[in-house]
Amino acid sequence: MLGLTLREASAALREGKVSATELCQRCLASIKETSSVNAYITVRDAGALQQAEAADKRHRRGQALGPLDGIPVAVKDNFSTAGVETTCASKMLKGYIPPYNATVVQKLLDQGAVLLGKTNLDEFAMGCGSTDSIFGPVRNPWSYSQQYREKSAQTGQISDEDADWVITGGSSGGSAAAVSAFTCFAALGSDTGGSTRNPAAHCGVVGLKPTYGLLSRHGLIPLVNSMDVPGILTRCVDDAAVVLGVLAGHDPKDSTMVQEPFQPFTLPSNLDVSKLCVGIPKEYHAPGLSRETVALWTKAADLLENAGAKIVEVSLPHTRYSIVCYHVLCATEVASNMARFDGLQYGHRCDVDNSTEAMYAATRREGFNDVVRGRILSGTFFLLKENYKHYFLKAQKVRRLIAEDFVKVFHSGVDILLTPTTLGDATQFKEFIKEDNRTRSAQEDIFTQSANMAGLPAVTLPAALSARGLPLGLQFIARAFCEHQLLTVARWLEKQVDFPVLRWQAVPDREHPVLQHNKLASLP
Amino acid sequence: MACSGFSERYLKRLPLFTMGRSRCRVSVPALSLLRRGVQQHAAIASPPQSQPKGADQWVGVVGLEIHAQIYSSSKLFSGARVQFAAPPNSLVSFFDASLPGTLPVLNRRCVEAAVMTGLALNCNINRKSLFDRKHYFYADLPAGYQITQQRLPIAVNGILTYQLQVGKKGDQLATRTARIKQIQLEQDSGKSLHDDNRNQTLIDLNRAGIGLMELVMEPDMCCGEEAAAAVRELQLILQALGTSQANMSEGQLRVDANVSVHRPGEPYGVRAEVKNINSARFLAKAIDYEIKRQTEVLENGGKVLNETRAFDFKLGYTTSMRDKEGKQDYRFMPEPNLPPLILFDAKSLPAHVNPQQVVNIDLIRERLPELPSISRKRLVEQYRILPEHGFTLLNEDGLKDFFQNVVKMTQTDPRKVIGWVINDLLGHLKQGNLAVHQSRISPSSLAELLNLLEKGIISSSAAKQVFEELWKDEGKSATQIVEEKNFGLIQDRKQVEQICQNVIDQHQKEVEGIKKGNKKILNKLIGQVQRETKGRTDPVMVKTILEEKLS
């Protein structure tokens with residue numbers, strides 16, 4: 001049952017083949033069984049079941065609210081949820097219970113979606129491993145798959161199950177793991193430099209970063225306001241389109257949104273790609289790109305070409321400056337956005353009370369981890385009067401150049417870009433933490449970041465397993481507000497690649513419900 | 001959106017701490033410091049001898065930064081209500097409290113208010129303006145930054161034309177102009193309430209996020225009087241526009257003065273910023289004090305510091321608040337959650353947009369009400385009164401309405417009415433330190449009095465006495481007073497003739513003088529008759545009778 005796609009589960013609910021309560025109970029059980037993955041920070045057992053019961057009533061009356069009515073979902077813990085603790089995986093916000101819902105959360109609830117809980121992340125979404133959380137790192141469910149265990153055993157790499165697990169990527173690693181581990185049918189992530197697509201790729205799920213301005217950011221606790229977008233994580237492209245249809249649309253509470261109404265769409269089952277022109281950015285042949293990723297990328301291009309699509313090499317010359325540019329822009333906005341966390345009104349407050357300034361300082365020192373503090377300090381430095389034009393202003397100009405690269409390419413007749421999502425498959429935790437957060441972010445976000453710089457929609461889909469038995473993703477980037485085309489092409493490729501389903505290597509002493517299903521239901 | 005439960009929790013959670021306030025409470029009088037300075041530098045400070053007279057005169061240079069709270073029902077970026085003196089933290093939206101994830105949404109009314117103010121002050125309205133974040137940590141600034149317009153404000157390059165009363169009697173008007181550098185939209189902060197006894201600071205966020213227009217004026221004024229007159233004119237303009245209630249005592253209009261002194265022809269001196277000024281009168285005092293202080297410092301060879309100074313209205317002088325040399329870096333950056341503010345005019349207005357979602361400058365220009373300068377001109381023309389009368393009528397709150405009401409209710413020439421309103425009524429009000437709306441004489445009772453005068457029932461000197469009686473506010477009408485006190489003119493000509501005869505009899509010396517041709521002495525006799533009758537005779541009748549009798 002949990003292996004169904006969202007659309008199938010929705011149909012099953014509508015037809016009464018399963019009740020929302022049953023679905024919810026199964027998901028809650030699955031969360032418990034996979035608790036070692038550490039995908040969730042907060043689980044709403046009672047609240048979720050209550051919602052599910054209400055959904056069942058509506059279904060029985062034939063008054064379902066929409067395709068999400070009764071569907072269990074998870075939300076990254078940097079979206080404000082009324083009455084549900086929202087921590088951003090930081091000591092600073094531990095115990096903070098917001099009085100309001102983020103608009104995208106509200107839209108999910110309005111559609112009857114069942115909120116299972118809040119998922120783990122890097123503190124304040126700063127990271128690419130989901131390892132820097134006060135609640136501990138998220139473990140990639142594929143670490144416990146037969147595929148990974150068998151392959152690794154063959155190469156003699158695996159010794160200890162508890163030491164050799166791989167990271168999820170991040171920062172929305174909790175959401176990616178939650179979807180990947182069959183604990184929910186869809187999850188919200190956020191994507192500032194790749195935070196939805198990166199973990200989606202590592203966890204073998206679909207990760208959609210919509211166009212900036214299409215989804216409301218109201219209630220998303222910001223990392224970089226000018227790049228943040230709510231992200232959608234699902235097990236197949238079709239499901240991402242369904243969730244997008246629910247979430248998109250103007251929200252007067254977010255002034256950076258487009259005014260035009262959004263038309264929800266369903267993806268055509270057959271796509272003629274022969275009229276499609278697919279760009280392959282040559283700069284994405286980056287150092288560190290794994291050989292098998294290149295092979296996969298080439299294979300996908302060949303599939304498209306064989307189906308009649310035109311494949312052209314394109315150039316995005318300024319992409320190479322993306323990382324350093326992002327570093328400056330991110331740090332400055334972080335320094336500013338984090339200023340409100342002073343211990344006065346909500347969240348953590350230190351015991352120091354001899355002066356306001358001392359209280360601020362101690363609260364912020366105790367409340368933020370090193371990564372957050374480091375970015376605040378560099379951002380503050382970049383914004384100093386004498387530095388402003390050397391760093392922030394320059395970075396903004398470079399950002400404009402990066403964005404213009406895309407405009408030029410799309411003007412030249414290219415419809416869509418095909419790129420890898422990550423350099424390679426997921427790294428083992430013990431390897432990952434050898435490098436610092438910043439170095440890792442610079443490496444990991446290399447293919448994803450520029451889409452945020454330019455505000456463009458991008459999607460990653462799982463395309464193959466690596467030699468180690470871990471997922472590899474491919475990314476499509478489209479013109480702004482061309483989500484329909486983006487997802488249509490992604491769905492076409494999804495059909496061709498026939499990505500295998502995660503097969504649990506028995507989670508000890510427990511028969512996992514997922515094991516009953518050997519195939520992803522989206523496969524023909 | 002106001003969250004009362006939240007505010008309650010919020011107040012309870014307030015910390016026990018003090019703000020670094022000791023610097024603001026320096027109790028050493030600045031004057032005593034100055035005097036010490038005088039002695040120390042006396043030897044060095046003798047001015048050069050060779051300069052022509054007047055060239056070494058120090059002149060004040062004054063620029064103003066004015067924050068006007070926008071008169072709107074909700075805040076600049078949130079839907080929370082705006083209301084003076086509401087219970088603490090009862091008007092606070094999630095955004096105003098800076099809850100994580102909240103976003104600003106610009107209030108169209110505030111934009112229109114700024115545009116209208118800009119137009120009224122002859123500014124260029126920028127078709128595109130930008131919002132910025134200005135960072136500093138303070139307990140009543142919950143986001144850690146203020147959203148303002150640092151790079152590209154909504155209006156620039158304006159002119160404020162104002163008048164002030166000059167001349168020995170203050171009966172002449174001089175016209176001055178002060179350039180307005182820019183008008184920017186920004187958020188107000190909350191309020192910190194320091195409780196010294198409990199070593200606590202309480203925060204009230206009702207004011208946090210209210211829309212402000214910051215008007216930056218060029219240093220085109222030279223003294224407190226000019227600055228006060230400019231502020232008063234601005235206040236009248238804002239009130240006429242309805243863009244701000246501009247009440248200084250309620251903090252809706254807050255003025256900071258940048259004051260420096262220099263010798264004409266030389267570059268401007270180092271300036272000090274004077275804060276904490278809550279009335280036009282104190283503004284003038286604070287500036288003049290500061291000019292005097294700086295002049296003395298320089299005369300004595302000292303240096304003026306670039307600092308912020310607070311005006312103590314009780315003691316009448318300014319004290320140093322904080323040094324500005326080690327300047328705070330506000331780390332400005334663009335506000336990423338607000339797109340550029342684009343304004344349209346009739347020509348540039350796109351065809352397909354919803355008029356509710358755009359601001360059309362031309363429409364606002366059409367809606368501009370009459371400005372005070374025009375109102376004054378109209379009053380002068382309509383009632384044929386003097387320009388200084390028009391000035392006073394408008395500058396004294398409520399006086400214009402008072403005057404116009406009296407005029408409506410009486411047949412008396414407005415030129416006579418204005419004398420009563422400005423000399424008698426306003427004189428009495430000023431003496432009692434009262435506002436027009438606190439007047440003990442209503443427009444109708446003044447009109448009744450003037451009608452008695454106009455109809456010849458009382459003389460003008462009796463009218464003054466009736467006025468005094470009315471001012472006592474004993475609930476009697478002018479007519480009642482005239483009857484009770486027997487102030488009415490003696491209508492019986494024979495009775496008047498008798499009184500005149502008595503006066504003639506008792507003033508033979510004067511009579512002789514008149515007969516010799518000195519007609520001026522006649523006035524003395526008329527006065528004498530008036531005295532005898534306590535002003536109850538008609539001077540014209542008395543004059544005729546006396547002339548008849550002495551011819």
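Predicted model: local features only at pLDDT ≥ 70, side-chain atom pairs only at ≥ 80, totals over all residues.
Me: How much space lies in the largest cavity?
Reply: About 160 Å³.

Me: And how do you find empty space like that?
Reply: A probe the size of a water molecule is rolled over the atoms, and that shows where empty space is left.

Me: Which residues lie nearest the centre of the largest cavity?
Reply: Asp96(B), Ser98(B), Ala143(B), Tyr145(B) and Gln187(B). They belong to a lining of 17 residues.

Me: How does that lining divide into nonpolar, polar and charged?
Reply: The largest cavity has seven nonpolar residues, six polar ones and four charged ones in its lining.

Me: What about the second largest cavity? How much space is there?
Reply: About 90 Å³. Twelve residues line the second largest cavity. Closest to its centre are Ser180(A), Phe182(A), Gly204(A), Arg235(A) and Leu502(A).

Me: And how do the residues of that lining divide?
Reply: Nine are nonpolar, two are polar and one is charged.

Me: Is Cys128(A) buried or exposed?
Reply: Buried. Its relative accessibility is 2%, and the cut-off for buried is under 20%, so Cys128(A) counts as buried.

Me: Which cysteine sulfur is nearest to Cys110(B)?
Reply: That of Cys123(B), 17 Å away. Cys110(B) is in no disulfide either. Cys110(B) has a relative accessible area of 0%, so this residue is buried too.

Me: On to domains. How is chain B divided?
Reply: Domain 1 covers 4-16 + 58-334, domain 2 covers 372-484, and domain 3 covers 493-550.

Me: What separates the centres of domain 1 and domain 2 of chain B?
Reply: 37 Å, taken over C-alpha atoms.

Me: How many residues are in contact there?
Reply: Eleven residues of domain 1 of chain B are in contact with eleven residues of domain 2 of chain B.

Me: What area do those two domains bury between them?
Reply: About 860 Å², with 51% of it on carbon and sulfur atoms.

Me: Which residues of domain 1 lose the most area to domain 2 in chain B?
Reply: Leu173(B), Arg232(B) and Leu236(B). Together they make up 45% of what the domain 1 side buries.

Definitions and conventions. Residues numbered from 1 in each chain as written. Chains lettered and ligands numbered in written order. Heavy atoms only, no water. 1 Å grid on protein atoms, 1.4 Å probe; cavity = no way out; pocket = protein on both sides within 12 Å on 5 of 7 lines; lining within 4 Å. Points joined across faces, edges and corners; volume = space filled by probe spheres on them. Nonpolar A, V, L, I, M, F, W, Y, C, P; charged D, E, K, R; others polar. Buried < 20%, exposed > 50% of the residue type's maximum accessible area, 1.4 Å probe, protein only. Disulfide = S-S within 2.5 Å. Domains from an automatic or database assignment. Contact = heavy atoms within 4.5 Å. Buried area = accessible area lost by both parts, 1.4 Å probe.
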